[in-house]
Amino acid sequence: MKRFLFAVSLLALTAGVAEARDQIRIVGSSTVYPFTTAVAEQFGKTGGFKTPVVESTGTGGGMKLFCAGIGADNPDFTNASRQIKKSEFEDCAKHGVTEIVEIKVGFDGLTVANSKAGPDLTFTKQQIFLALAKEVPDKDGKLIANPYKTWKDVDASLPDEKIEVLGPPPTSGTRDSFVELVMDPGAASIDSLKALKKSDAKAFEKVWKSIREDGAYIDAGENDNLIVQKLEANPQAVGVFGYSFLEENANKIKGAQVDGVAPSYETIASGEYKVSRPLFIYAKKQHVGTIPGMVEFVKEYVSDKALGEDGYLAAKGLVTLPGDEAQKTKAAAEALETIKGDQLM
């Protein structure tokens with residue numbers, strides 16, 4: 001009987017190993033997606049393993065999939081444009097995902113820019129919110145359809161020029177970043193909306209997430225060259241895009257100050273430029289040794305050729321970590337150090 005049970009157990013174990021994936025699966029943030037895809041492609045070319053499958057599910061959606069459990073049916077990594085929440089960490093633990101490795105890979109900086117032939121621009125987040133929100137409060141605090149036609153209508157200190165902003169479409173991670181990093185705090189700086197946030201958080205969220213659709217904001221798609229051409233052709237127009245795009249076209253366009261700080265590699269990396277945020281990937285340590293190539297993939301991601309200041313991820317637009325922080329991240333990642341819930345919000 002014992003021999004029979006042993007044989008059955010061995011057969012089950014062998015079947016489980018046979019069914020295990022031989023290809024890494026990654027989900028999560030659309031913002032981090034292009035960077036992780038670049039690493040996956042490089043890894044597939046040189047690592048001796050299959051190219052990982054990378055899916056863009058959004059940060060929240062990725063966390064749900066990542067935390068759903070252990071085993072070949074569940075992803076091995078998730079991309080995130082913010083740190084994992086304590087509630088997500090706890091959800092992971094409930095489903096047996098108890099060893100999570102956090103790797104900060106760099107920063108995402110968004111810029112508001114215009115043609116070099118246009119005026120020098122200095123905005124506050126509140127001014128940008130008032131220019132682009134679908135609804136804004138009137139003098140009595142009542143929400144009304146956005147009445148502002150020119151920047152000067154928003155604030156007398158701004159140019160007397162038509163509001164025309166070329167920005168990312170709703171499907172873009174850059175759009176998500178823009179509304180979260182600019183529109184949300186811009187709305188919260190207005191007294192009546194600050195009160196709405198306290199009394200009805202969902203109503204407040206709808207206000208800062210809703211961009212006007214009357215032509216003042218134009219979905220410009222993902223064609224960077226087309227945006228540059230339009231900004232060059234119309235010095236009154238303003239564009240919203242990642243910092244790397246501004247840097248690559250510095251001879252044609254210039255970045256606006258936001259809340260008194262101009263976008264630069266240094267101000268984004270230091271956090272002084274507030275329209276920026278850290279980007280992460282999370283690894284499921286319990287899959288190491290079961291899914292082939294996980295350790296090697298992490299090493300490729302944090303290698304100097306990928307995450308270095310002159311690495312291929314910087315060429316893709318990632319604002320990389322400062323030297324000391326990059327080395328700290330690399331050491332922690334290669335050691336597969338896990339995080340604790342008391343570190344999270």
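The model is predicted: local features need pLDDT of at least 70, side-chain atom pairs count only at pLDDT 80 or more, and totals for chains, interfaces and linings use all residues. Residues are numbered from 1 along each chain as its sequence is written, and side-chain values use heavy atoms, with hydrogens and water left out.

**The chain**

The secondary structure consists of 16 helices and 13 strands. Helices (H or I, at least four residues) and strands (E, at least two) are DSSP runs, numbered from the N terminus. Along the principal axes, the C-alpha atoms fill a box of roughly 85 × 45 × 35 Å. Of the 345 residues in the chain, 47% are buried. Here buried means under 20% relative accessible area, exposed over 50%, and partly exposed in between (1.4 Å probe, protein chains only). Among contacts with a separation of 6 or more, 74% come from residues 24 or more positions apart; a contact means heavy atoms within 4.5 Å.

**A covered helix**

Helix α5 (residues 125-132) is mostly covered, with seven of its eight residues buried. These are K125, Q127, I128, F129, L130, A131 and L132.

**Two loop residues**

N146 sits in the loop between β7 (143-145) and α6 (151-154), while S157 sits in the loop between α6 and β8 (165-167). Is N146 buried or exposed? N146 counts as buried because its relative accessibility is 7%. S157 counts as exposed because its relative accessibility is 59%.

Each side chain has a polar contact in the table below. The term stands for a pair of N or O atoms within 3.5 Å; within protein, one must be able to donate a hydrogen and the other to accept it, and residues adjacent in sequence count only if both atoms are side-chain atoms.

| Side chain | Partner side chain | Polar contact |
|---|---|---|
| N146 | R212 | 3.3 Å |
| S157 | D155 | 2.7 Å |

Leaving aside neighbours within four places in sequence, N146 is in contact with residues including L130, A131, L132, R212 and D214. The C-alpha atoms of S157 and G293 are separated by 56 Å, and these residues lie 136 residues apart along the chain.

**The disulfide**

A disulfide is a covalent bond between the sulfur atoms of two cysteines. The structure holds one, counted as a pair of cysteine sulfur atoms within 2.5 Å. C67 and C92 form it, with their sulfur atoms 2.0 Å apart. The pair links distant parts of the chain, 25 residues apart: C67 is in the loop between α3 (59-66) and β3 (77-80), and C92 is in helix α4 (residues 86-94). The link is left-handed, with -70° about the S-S bond. Both C67 and C92 are buried.

**The second largest pocket**

A pocket is found on a 1 Å grid over the protein atoms alone, as an open set of points where a 1.4 Å probe fits, with protein on both sides within 12 Å along at least five of seven lines; lining residues have an atom within 4 Å of a point. The second largest pocket holds about 570 Å³ of space, a volume being the space filled by probe spheres set on the points. Which residues lie nearest its centre? Of the 19 lining residues, S81, R82, D176, E180 and R277 do. The elements that give two or more residues to this lining are α7 (173-188) and β13 (276-284). The largest share, five residues, comes from α7.
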